[in-house]
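Dear colleague,

Please find below the structure that I am handing over to you, together with its sequence. I would be grateful if you would read the notes after it with the model open.

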Amino acid sequence: MARKGENIRKRSDGRWEARIITGYSETRKAIYKSVYGKTYTEVRTKRNVFIQENMINDTKRIRTSQSEFTFGQLMDQWLFSMKNKVKESTYAKYNHLIKAHIQPVLGGYLLKELDNQCLDQFIEQKLTNGKLNGSGGLSPKTVSDLLSLVSQVIRFGNERGYPCAQNLVIHYPKQIKPQIKILSDKQQKTLESYLFEHKDSISMGIILSLYTGLRIGEVCGLKWGDFCLDENLLYVERTLMRIQNTDSNSKTKTKILIDKPKSDCSIRIVPISSFLIPYLQTLKKGNSCYFLTGTCNYMEPRMYFKKYKVIMENCDLGEFNYHALRHTFATRCVEKGFDMKSLSEILGHADVTTTFRRYVHPSINMKKKQIELLKCNSI
């Protein structure tokens with residue numbers, strides 16, 4: 001079976017084969033070259049050497065014939081330029097989107113040939129049948145992310161004098177803002193009753209998200225040294241996530257990354273409600289131990305999410321994803337009249353506007369209270 005996204009497979013004769021795109025025909029069909037080896041590692045190494053050598057040759061040809069420069073070659077240059085400019089997780093996302101979705105469709109076009117019609121066809125194809133497993137189209141949000149990368153690459157090329165087509169117009173698909181789900185008061189009480197019955201670190205991680213708005217990666221990255229229980233404070237300094245592995249010599253497609261939180265504003269000090277302190281003190285371990293495991297070994301978000309889903313299903317709340325806890329926290333804070341600047345900083349937002357726009361979703365009860373403020377003077 002082929003390694004997904006690598007074009008490497010084990011043949012019936014026992015040898016491993018790697019197929020490499022070396023060009024495109026006049027009808028835009030990919031032209032492949034195969035290299036062979038006795039093991040997966042051997043053939044992958046051969047493939048990488050071939051790609052590296054041909055990238056060098058491509059660079060030499062570019063200097064003498066920019067008119068034959070393809071959009072795929074420009075994307076490779078842009079990715080290389082971005083590697084040390086963005087976070088590793090961001091680069092991994094860019095690399096995956098380009099290699100999996102953009103390169104196979106638009107990579108073979110010469111820069112001067114990439115026009116509005118090409119982009120419109122690309123958008124239509126991705127919206128109707130863009131999923132890698134062939135099960136349907138990508139969401140408008142994902143297609144917009146792809147187009148944003150295309151736009152950045154074209155801008156990169158124009159800034160460096162490459163012969164990109166002029167007057168390109170990118171028509172971003174209309175996005176429908178998804179309905180944000182939060183737990184009702186009754187649902188939250190049901191969940192909390194279950195969690196406080198068990199009171200282990202898995203349950204308390206969920207409680208922390210409900211009462212501090214922490215993201216799942218931030219909970220997984222917590223160590224006991226991040227808590228200052230004497231002062232009811234929590235220091236959010238890292239997040240843990242699984243990202244695409246961009247190392248071509250690695251045997252794994254993904255890897256765990258422990259990094260700073262989402263943005264500089266997400267590195268923050270969060271107050272902990274005093275009623276939680278006794279529960280946390282009973283679980284306390286050494287400063288170097290992770291909060292969820294109580295050891296020096298972490299629990300990755302994918303595993304923690306599975307445990308979360310089991311708990312939610314036991315409470316008949318299986319329809320809520322983990323981020324609903326953060327939404328619920330923010331909404332409860334607004335309902336109780338929190339100072340918005342304080343809430344914004346607790347959530348790790350750059351400004352109050354982001355807090356209002358993204359995470360604050362008033363409940364129907366709150367709307368009823370607001371509407372009752374209107375009184376008819378003539379009755």
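This is a predicted model: local features need pLDDT of at least 70, side-chain atom pairs count only at pLDDT 80 or more; totals for chains, interfaces and linings use all residues.

Strand S5, residues 233-236, runs antiparallel to S8 and is joined to S8 by four bridges.

Helix H3 (88-106) deserves a separate look, as one of the elements that give two or more residues to the lining of the second largest pocket. At Ile 98, H3 bends by about 40°. Ile 98 is itself among the buried residues of H3, which also include Tyr 91, Tyr 94, Asn 95, His 101 and Gln 103.

The second largest pocket holds about 840 Å³ of space. Its lining comprises 20 residues, and those nearest the centre are Lys 93, Arg 215, Ile 216, Met 241 and Lys 262. Besides H3, the elements that contribute two or more residues are helix H5 (140-159), helix H8 (216-221), strand S6 (239-244) and helix H10 (301-314). Strand S6 supplies the largest share, four residues. In terms of class, the lining has ten charged, five polar and five nonpolar residues.

Which residues line the largest cavity? They are Phe 71, Leu 111, Leu 114, Ile 154, Cys 164, Ala 165 and Leu 168. The volume of this cavity is about 30 Å³, and the count of cavities of 30 Å³ or more comes to one. The lining of the largest cavity has seven nonpolar residues, with no polar and no charged residues, whereas that of the second largest pocket has ten charged residues.

Finally, I would draw your attention to Ser 203, which lies in helix H7 (residues 201-212). Is Ser 203 buried or exposed? Its relative accessibility is 2%, so Ser 203 counts as buried, the cut-off being under 20%. Leaving aside residues up to four places away in sequence, Ser 203 touches Leu 195, His 198 and Ile 311.

With kind regards

How values were computed: Residues are numbered from 1 along each chain as its sequence is written. Side-chain values use heavy atoms; hydrogens and water are left out. Two strands pair if DSSP finds at least two bridges between them. Buried means under 20% relative accessible area, exposed over 50%, partly exposed in between (1.4 Å probe, protein chains only). Contact means heavy atoms within 4.5 Å. On a 1 Å grid over the protein atoms alone, a cavity is a set of points where a 1.4 Å probe fits but cannot get out, and a pocket is an open set with protein on both sides within 12 Å along at least five of seven lines; lining residues have an atom within 4 Å of a point. Grid points are joined across faces, edges and corners, and a volume is the space filled by probe spheres set on the points. Ala, Val, Leu, Ile, Met, Phe, Trp, Tyr, Cys and Pro count as nonpolar, Asp, Glu, Lys and Arg as charged, and the others, Gly among them, as polar. The bend at a residue is the angle between axes fitted to the seven residues ending there and the seven starting there.
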